[in-house]
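Please open the structure in your viewer and keep the selection tool at hand. The tour below moves from one group of aromatic side chains to the next.

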Amino acid sequence: LRYDFLDIQTKSDHIAVTIRGSVNDTDAKRPSYPAPPPDLPASNASIYGEHHITMQLSTYSLDSAMYVFYNRGLLSYEVTQKDLDSKTGFLLNTDTFLLAAPGLKQWPDHNMTIVASVSQLPKTAFAQEQVFAEIPALYAFYVVTEAGKVPVFNITGPIAAAASVSVSLDKAGQQTIHASVTNATCTPLLVNATAVGPVHFELVSGVIEYSLDALIPIVNYLIAEGVPLPGYQGVEATKTGVSAADNVLSVVSDIKYSPSI
């Protein structure tokens, strides 16, 4: 995560500093996020007197992170029977899907896996005290045989996910923005490809929901470290709060300065 100072403006009652925070790939040969940061909406200057510091963040840092992870091929996960056992007891095998895909009868009682992946760059937004994401998804279904995994059909659909946002201090005492996914749905579903004849996607929606339920704790584990906010030695943040509205994440805080001796 890289922070760049872009602009500083001095007003009669406050100083406005514009900082660009972006997630960049550690492989210098890979391209950085090409989109420019969006303009933040004009703020009512009266709110600046309520706290020592008011920070307004667009989705740029989050979008740049999605761009890096997507180009790295990291936005995918293979769902297996193990992922579903603790949640539902759902059997991820060919017999379960016979009504949805009758062509699976050529592999009676075989285990299956689902590779859930992001097929296009997600879109994010801040609103209603949450982070929202629209994620084009591809679910590739495989039959597990002795010779290996056999692709049988693909289902596509947009995931709509929401996450709560909070700010806390990490172990080093630095303010960090944390997000925790609270729910995710995927509708409408469409058959993208099939190697086993007709697939009735409406009968597959249940397992997609189970898969999303299994993926939420995995995603939350991966993003648990959060995004650190700019900090300075000797500056301690107090009374920190966070809110999200109109595609802007606002973080307010008072500060206590303890100069090093």
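The model is predicted, so local features need pLDDT of at least 70 and side-chain atom pairs count only at pLDDT 80 or more, while totals for chains, interfaces and linings use all residues. Residues are numbered from 1 along each chain as its sequence is written, and side-chain values use heavy atoms, with hydrogens and water left out.

For Phe 141, the relative accessible area is 1%. With Phe 153 it forms a stacked aromatic pair, 4.5 Å centre to centre and with 25° between the planes. Rings of Phe, Tyr and Trp (its six-membered ring) pair if their centres lie within 6.5 Å; planes under 30 degrees apart count as stacked, over 60 as edge-to-face and the rest as tilted. Phe 141 lies in strand β7 and Phe 153 in strand β8 (residues 148-169), so this pair ties together parts that are 12 residues apart in sequence. Strands (E, at least two residues) and helices (H or I, at least four) are DSSP runs, numbered from the N terminus.

The structure holds 4 aromatic pairs. Because Phe 97 lies in the loop between α2 (81-85) and β5 (112-118) and Phe 141 in strand β7 (residues 130-145), the pair joins parts 44 residues apart in sequence. Phe 97 is also buried, at 3% relative accessible area.

Finally, select Tyr 33, Tyr 60 and Tyr 67, which form one aromatic cluster.

How values were computed
Buried means under 20% relative accessible area, exposed over 50%, partly exposed in between (1.4 Å probe, protein chains only).
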